[in-house]
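Thanks for coming. I will take one model this morning and go through a few of its local features.

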Amino acid sequence: MNFLAHALLAGEEPALIVGGVVGDWIKGTLPGVLPVDLARGVALHRAIDVFAETHPAFCRSRTRVSASRRRYAGVLVDIFYDHLLARAWEAHHDRPLDDYCARVYAHIGGRLQDLPPAARPALSMMAREGWLQSYTRIEGIADVLARMSLRARQPNPIAQAEREFIADETGFADDFACWLPEAQAFVRNWLHRREAPDSA
């Protein structure tokens, strides 16, 4: 669910950015129905997810979520990290956030027909409603969580889970500051291994 972080970690290659953002909508083995370049972006998305789930800082963040919402801790931490990234965006990228998000939406829009039909409505809505920019405000995060809660099939405590972040903002921020540069190093290594002449 951390769309902005996946886009940033993907670097500047459009197909990697698109694959990074849409990865949560793509299931099954790769490349599947995807063009090879987008499948590579989804593969990177999945590799980042595995890296995050086992990273000590990310794991610490999960434990900061209260027991009543612990089942959803991974998703909540993803969203909190996007909030932390968005609100300090100028420290992480030289392009203003609004301009950067417009480019991400344009990259996705240019590849919509290459993506599964089931994913297209949400991706179009992402651009139309400016989801990525909304992460700068805690109110935007609250709105994301409220929508997620309503879409879930079972009753859940996701709505108002932004309170978890507010209760330990410094802790989450410290974890994120540790996680992001190591995630960037992980991505550089992942890409280098796949660009090597003798890579599988």
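Which residues form one aromatic cluster? They are Phe58, Tyr81, Phe176 and Trp179. Rings of Phe, Tyr and Trp, the last by its six-membered ring, pair if their centres lie within 6.5 Å; planes under 30 degrees apart count as stacked, over 60 as edge-to-face and the rest as tilted.

Before going on, the ground rules. This is a predicted model, in which local features need pLDDT of at least 70 and side-chain atom pairs count only at pLDDT 80 or more, while totals for chains, interfaces and linings use all residues. Residues are numbered from 1 along each chain as its sequence is written, and side-chain values use heavy atoms, with hydrogens and water left out.

Back to the rings. The count by that rule is 11 aromatic pairs. One of them is Phe3 with Trp25: the ring centres are 5.4 Å apart and the planes are at 5 degrees, so this pair is stacked. Phe3 sits in helix α1 and Trp25 in the loop between α2 and α3, 22 residues apart, and the pair thus links distant parts of the chain. Helices here are DSSP runs of H or I with at least four residues, numbered from the N terminus. Phe3 is buried at a relative accessible area of 3%, whereas Trp25 is partly exposed at 26%. Buried means under 20% relative accessible area, exposed over 50%, and partly exposed in between, with a 1.4 Å probe and protein chains only.

Next, helix α2, residues 14-22. How many of its 9 residues are buried? The count is 8, and Ala15, Leu16 and Ile17 are among them. The buried residues of α2 pack against α1, α3, α6, α7 and α11. Gly20 belongs to this helix and is buried, at 4% relative accessibility. Leaving aside neighbours within four places in sequence, Gly20 is in contact with His6, Gly41 and His45; contact means heavy atoms within 4.5 Å.

Now the nonpolar core, meaning a set of buried Ala, Val, Leu, Ile, Met, Phe, Trp, Tyr and Cys residues joined through side-chain atoms within 4.5 Å. The largest one has 66 residues, of which Leu4, Tyr135 and Trp179 touch the most other members. Helix α5, residues 73-87, supplies the largest share of this core, 9 residues. Trp179 is also part of the aromatic cluster I began with.

A cavity is a set of points, on a 1 Å grid over the protein atoms alone, where a 1.4 Å probe fits but cannot get out; lining residues have an atom within 4 Å of a point. The largest cavity contains about 50 Å³ of space, the volume being that filled by probe spheres set on the points. Its lining includes Glu12, Ile17 and His93, and α6 gives the most, with 4 residues.

Last, two backbone details. Most residues other than glycine have a negative phi, and most peptide bonds are trans. The peptide bond from Leu30 to Pro31 is cis, with omega near 5 degrees, and Pro31 is found in the loop between α2 and α3. Gln160, not a glycine, has a positive phi of about 70 degrees. This residue lies in the loop between α9 and α10 and is partly exposed, with a relative accessible area of 41%.

Terms used: Helices (H or I, at least four residues) and strands (E, at least two) are DSSP runs, numbered from the N terminus. On a 1 Å grid over the protein atoms alone, a cavity is a set of points where a 1.4 Å probe fits but cannot get out, and a pocket is an open set with protein on both sides within 12 Å along at least five of seven lines; lining residues have an atom within 4 Å of a point.
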